[in-house]
Structure formats: C-alpha cells, structure tokens
Amino acid sequence: NDDIMGSSVSIAGNPMYGAKSSSKEKGFIGSMACSKRSFELAAFNTAEFPNEEAVKYGKTNPGKFRTLDISAVTLESQDEAKSLLKQLQNNEITFEDAVSEKSTKYYTDKDGNLSEPYYYQLALDIENSEDVEKVIALSPAELSSVIQTKRGWTIYRVNANAKEPDFNDEGTVGVVLEYLKANEKGYIENYYIDQAKAFINEAKLSNFQDACEKFGITKTDVQSFPINYGNSRFYAATPSDVSELIGLSTNESVLQTLFSTKKDDMTEPFVLGSSVIVARCTGLQKDPPAEMNDYQQILTDADNTSSQATLKNFEGVKDNFMTTYF
C-alpha cells in the first residue's frame, strides 16, 4: 500500500513512495472551482398542466379515450390459448368458466372484465397495433383470435360497443391528464416551452421580475456555484436548496447551456426534471485557485479506499483475516 499510495517517509521534501503528481495537474485541480455563476430562474411546473389543455388534447384524439366493455382470458402459451379458443368456439366451455379456471388475469378483474377499460390502455397491452383494431372491430359477443399481448396470449370478447368520451366529465379529464403525464411528457413540455418563450419576450420588454409576476411564477435566486459534474466532493456542489436544479449535476447539456450564457442574458427554455426553466445569468465570479493542502485529506482518504479495494480484489488474494482472527 505504501509503494502505491505513499507514506509519511520523504526525502528532501519529496514523498519516497506513491504516485507522483505534476505541477500542471495540481494547477488544474486547484482551479476547478474558480469560475462561478449566479442565476435567477423562472420555472414552469409541468405537473400543473391545465385541465383545459388536457380537454383540447382529448378532443383532438377522442378515440384514445373511448370506454371499452370487453372481457379477456389470458394464458401463458400460444398453444394453450389456441386450444382454449377451439373449446370456446365449440361451446365445450363457457367464457366465464375459462376466466375462472384458466386465465392468469393479468389485464382483468376476477370476472374477466378489463381492469383498464380505455382504448389507449388496451393499445398498450397488445403487442401489435393492427391487432388492437381487430379487437375493437368485433361485434358484441364475438370472440377474437388469439392475440399476443405484452404478458401472454389473450382471447378477447366484446360485451358491448365502445362508449365515446365525455370531456365535460371531470373523471374523463382526469383520465386524459393521467395519460398525458404517463405517455406524452413531450406534449406537456412543448406546451410549457411555448409559455416560456412568451415569458422571454415579456422579460425583454419589461424585466425578469415583472415577467414572473405576469406569468404567476415565483422567481428563484441561485447563489454562485461552479460546474461540478457528478457533484465531486473536491469542491462546491450544485446548490442543494434549489429544488428546480435537482438533477443538474449530471445533465451535461443544461450545464453547458447555463455556463455559456453571458451575464444579464437569458437562456432558451430548457427541461430539467419536472420543470421547464428560463434562467438569467446575474453574475460571473472568479475565485483564486484553491490551496492544495485543502485537498490533502480528501485525496488521502480516496486513495486509501480505492487502493484497499483494489488490493483485496486482486486475483490470487483471499481475505481470511477475520476468520483467522476469530
């Protein structure tokens, strides 16, 4: 361990053991946190997508939100499902008995009715999109062929024709919102990106604070911080008290956007987590390089941890210390 990582033995002030570092390497490490920037943020919360916008999407895509009255029997293998279909067609077993005795019920309640009764949910369950339309086209009481689903092989029976969505109903609006948040995040983000672009235009006409007030946003001030990808413990991390910046430390494109923006300029809208954000750079700061002595203990701890793990995991080394000791 001393050979690799060094010890307190030194000759003429230079460590006798361990990896050596160049002055340029020390300079680089010491200057990592020198450049800092401060910002003010306007963040649009994508979780607050307006109901009226959800209704607008629903009316444009009403077919996705049709309510289905369909029953299903799902089996693990295609051959078993084909055999069961023949029995059903020959009236050798009732659909209800097939549900009770044979179905895995991945997609249904105990009675065999779809537990997720909307068209878009059925489309998510079925492997091939053309098979979805085949099921929807069935007449009441008609059986489908054996359909490959995400889990197993399924026989569907239509009990009644699909019901068109009522977008005046709060429950239906809630279904659309749930669908958008789960499956169409990009649609929601694009809505807020348009809002953020309008915000930028307003801020250019007035100022950042007035634009926040007009759009009903609470401005967030961010104290100066450096680029620290991955939040290395060697220097200041991304501000942990700013919820809008959670995830920033590993988002290379957003870091690049923020730290290439000139003082007093605004960024283009960007997505981070559940927010669409516009940031204005409020200040540039240049600190002196850090003293290498400040890093000495951190470096020693990191070196010791990594060297011990490496040595103990080396091929041919078997750690019997604790067993032998006890």
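In the predicted model, Ile147 finds its bridge partner in strand 6, at Thr154. Strand 6 covers residues 153–163 and pairs with strand 5 in the antiparallel sense over 2 bridges; strands count as paired if DSSP finds at least two bridges between them. Helix 4 (residues 78–89) packs on the sheet and touches strand 4 and strand 6, its direction making about 50 degrees with that of strand 6. Helix 5 (residues 95–102) also packs there, touching strand 4 and strand 6, at about 55 degrees to the direction of strand 4. Contact here means heavy atoms within 4.5 Å, and angles run from 0 to 180 degrees between N-to-C directions, with axes fitted to C-alpha atoms, for helices over the stretch in contact.

The sheet itself is open, with 3 strands in the order 4-6-5 and antiparallel pairing. Strand 4 (67–75) and strand 5 (147–148) each have a single partner strand, so one side of each lacks a neighbour in the sheet.

Residues are numbered from 1 along each chain as its sequence is written. As this is a predicted model, local features need pLDDT of at least 70 and side-chain atom pairs count only at pLDDT 80 or more, while totals for chains, interfaces and linings use all residues, and side-chain values use heavy atoms, leaving out hydrogens and water.

Terms used. Helix = DSSP H or I, 4+ residues; strand = E, 2+ residues; numbered from the N terminus.
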